[in-house]
Amino acid sequence: MALEALTLLAKLEDFDIFTHKVCQKFQKSERHVLSASIRDNVQEIIFLVIEAAKTQLEERRKKRPPIKTLDILKRTDIRLEYLKIQIRKAHSLKQTDTKTYEAWAGMARELG
């Protein structure tokens, strides 16, 4: 996972910047609620990927099965699924146009 994590982290950084730009365009009423929740969720996903990569290195070094790494990756996947729901919600609430939604959702699918 170490090498894959680097690629994933690069994609997550791009996704984070794209998400930040999209959320800045939300209506003021949603900017501090839905937008903040989405941005927090993205930050948590990044944190979990870093944690999984570090844990995997430790487990390999100690020649242990990757049980902790798999647990962290499951939590990451759950967060990502929730993020996809939030992106659909933002589009349903007319916070994004269709073109932006398709690009944003496509990036989220690619991360999965």
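Predicted model: local features only at pLDDT ≥ 70, side-chain atom pairs only at ≥ 80, totals over all residues.

Select Asp71 and Arg75 in helix α4, which lie four residues apart and are therefore separated by about one helical turn; helices here are DSSP runs of H or I with at least four residues, strands are runs of E with at least two, and both are numbered from the N terminus. An α-helix has 3.6 residues a turn, so residues three or four places apart point the same way. The two side chains form a salt bridge whose closest N and O atoms are 3.4 Å apart, the term meaning a side-chain nitrogen of Lys or Arg within 4 Å of a carboxyl oxygen of Asp or Glu.

Residues are numbered from 1 along each chain as its sequence is written, and side-chain values use heavy atoms, with hydrogens and water left out.

Next, colour α4 by accessibility: Asp71 is partly exposed at 41% relative accessible area, whereas the buried residues of this helix include Ile72, Leu80 and Ile87 (buried is under 20%, exposed over 50%, partly exposed in between, with a 1.4 Å probe and protein chains only).

Finally, select Glu110 and Lys11, a salt bridge with its closest N and O atoms 2.8 Å apart. This pair links distant parts of the chain, with Glu110 in helix α5 and Lys11 in helix α1, 99 residues apart.
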